[in-house]
Amino acid sequence: MAQIVVLGAGLGGTIMAFEMKEKMRPEDSLTVVNQGSTYSFVPSNPWVAVGWRERKDITIDLAGVFSRRGIGFRPEGARRVHPTENRIELNDGSLLDYDYLIVATGPELAFDEVPGLGPAGHTQSICQTDHAAEARTAFEALLEAPGPIVVGAVQGASCFGPAYEFAFILDTALRNAKKRDRVPMTFVTPEPYIGHLGLDGVGDTKSLLESAMRERHIKWITNARVTSVDKTMIHVEEVDENGKVKTVHDLPFTFSMMLPAFRGVAAVHGIEGLTNPRGFVTIDKHQRNVAFPNVFAIGVGVAIPPVGKTPLPVGVPKTGFMIESMVTATAANVAALLRGETPRAVATWNAVCLADFGDEGIAFVAQPQIPPRNVNWSSQGKWVHAAKVGFEKYFLHKVRTGKSETFYENLTLDLLGIRKLKDIHLEPTQ
Ligand SMILES: Cc1cc2nc3c(=O)[nH]c(=O)nc-3n(C[C@H](O)[C@H](O)[C@H](O)COP(=O)(O)OP(=O)(O)OC[C@H]3O[C@@H](n4cnc5c(N)ncnc54)[C@H](O)[C@@H]3O)c2cc1C
């Protein structure tokens, strides 16, 4: 028998555990290690921040879910992975051995890279549900005493969809409260143009997002490096195409949410052969680490190179569907190894994203992620908001019931022509 450990139970790790449970042999055992016992549906955090969702609406206690599925659960969290010993040291000092490890730890939020950034400084965050709950208090204070908003992402960020999404959600929430006329808004981003999204644009995202921002009176600064944040002012350097400082902006704010850069979590950061200098797990096309071939990785914690050169560092987003494709490939590959076969599954890493504005939204599909693409599609409409609500309900149902996938999910995705795996039969056996 083999002991399989999934490290991290967020969007990727939970469904990883369900899918692995189905694909492993009956004699194998599976344990999930997470920091705490609560699952939070991160994509709904922007709604928590404006009071459209309560924390309880988007969180699930994982202990019951995993025990019903016969999956071991350790909510102590990992202090350090020791891949040369095939062992994880947990935060309570205990040790957990593994034959196969799947790292799904998501990002560490690098607020410390910009002085004054983040909840410990002067800006809000929506990256974690706790942060979003704090941001809600700040948003309520803004409604009482309206003033300028600065929203966006800092240099090195890779998750731009939620930054745009939150700008538009704030606009909608402020219009609903009849306070928008007293709140000038500026979007600040290191992207070289609006709608780049870390993907060099998808379909017409440049025009769609610029036009939506003009319609909603949101000004923007691109190629923007945030140098520091004071209590009421964000200091920004706008650079030219060579990265030289062109203009300096001092932007006053009453409310600000700036997405930080991400890096790998401390439990894996700095392990020679396992992670890159930013602490992201390096993997081959089978989601497998080369130095430690019994270690796989999925989700935001994997290393993906940028799509091209930009004046400021702009990372590639790892969105929900892309992560699900990594999960499916990893489950197939670990299952193959368990049976003495060669791993052959390759995830498509297609970027499918729904950016909600609160009343409508923009959707895009990039297939593959790096241009030139077979599918390069974006669209705007009220249906996107409805689809995002559907995604939330569906995903939370999936986690509550411990299902890795349903017939309907496959059907819908197949109808759209979106697949999670490259045709694995095309992958030659070694
Ligand atoms: C605000 C926001 C909105 C987003 N909206 C969307 C969206 O609408 N659609 C979309 O497709 N994508 C969206 N994304 C992108 C992406 O889908 C999410 O970030 C997703 O949650 C990433 O999944 P993950 O499993 O990699 O990491 P996470 O969901 O962050 O999970 C990581 C897990 O690992 C655990 N962990 C961390 N360190 C340790 C440790 N040392 N030991 C044990 N456990 C540990 C954490 O507690 C957590 O449970 C959004 C991202 C953000 C930040």
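## Helix α6 and what follows

Which residue with a positive phi follows α6? That would be H217, with phi near 55 degrees. Keep in mind that this is a predicted model, so treat what comes next as a reading of the prediction.

Now for the helix itself. α6 runs over residues 205–215, and its buried residues are T205, L208, L209, A212 and M213. These sit on the same side of α6, because they cover an arc of only 125 degrees around the axis. Look at the face turned away from that buried side and you'll find the exposed residues R214 and E215. As for what lies over the buried residues of α6, the cover includes one helix, α5 (161–176), along with the strands β12 (185–188), β13 (218–221), β21 (361–367) and β22 (375–381).

## Other positive phi values

Most residues other than glycine have a negative phi. Two more exceptions are worth a click. D200, in the loop between β12 and α6, has a positive phi near 55 degrees. Is D200 buried or exposed? D200 counts as buried because 22 C-beta neighbours fall inside 10 Å, and the cut-off for buried is 20 or more.

W349 belongs to the loop between α7 and β20, and its phi is likewise positive, near 55 degrees. With 24 C-beta neighbours inside 10 Å, W349 counts as buried too.

## A three-stranded sheet

β6, β7 and β8 make an open sheet in that order, with antiparallel pairing.

Zooming in on one pair, β7 (residues 87–90) and β8 run antiparallel and share three bridges. Here R87 stands opposite D97 in β8.

## Around the ligand

There are 34 residues around the ligand, and the ones that come nearest are G8, G10, G106, G299 and G320. The elements giving two or more residues to this shell are α1 (11–23), α5, α7 (320–338) and β20 (351–356).

V150 is part of strand β11 (residues 149–153). It counts as buried because it has 27 C-beta neighbours inside 10 Å. Setting aside neighbours within four places in sequence, V150 is in contact with T186, V188, I234, L251, F253 and S256. For a distance to check in your viewer, the C-alpha atoms of V150 and I126 are separated by 14 Å, and these residues are 24 apart along the chain.

K388 is a lysine in helix α8 (residues 382–401). K388 is buried, since 22 other C-beta atoms lie within 10 Å. Which residues does K388 touch, not counting those up to four places away in sequence? L354, D356 and G361 are the ones. K388 and I4 are 384 residues apart along the chain, and their C-alpha atoms are separated by 33 Å.

Definitions and conventions:
Residues are numbered from 1 along each chain as its sequence is written. This is a predicted model: local features need pLDDT of at least 70, side-chain atom pairs count only at pLDDT 80 or more; totals for chains, interfaces and linings use all residues. A residue is buried if 20 or more other C-beta atoms lie within 10 Å of its own, exposed if 12 or fewer, and partly exposed in between; C-beta atoms are placed from the backbone. Helices (H or I, at least four residues) and strands (E, at least two) are DSSP runs, numbered from the N terminus. The arc is that of the directions from the helix axis to the C-beta atoms. Two residues are in contact if their C-beta atoms, placed from the backbone, lie within 7 Å. Two strands pair if DSSP finds at least two bridges between them. A residue is near a molecule or strand if its C-beta atom, placed from the backbone, lies within 6 Å of it.
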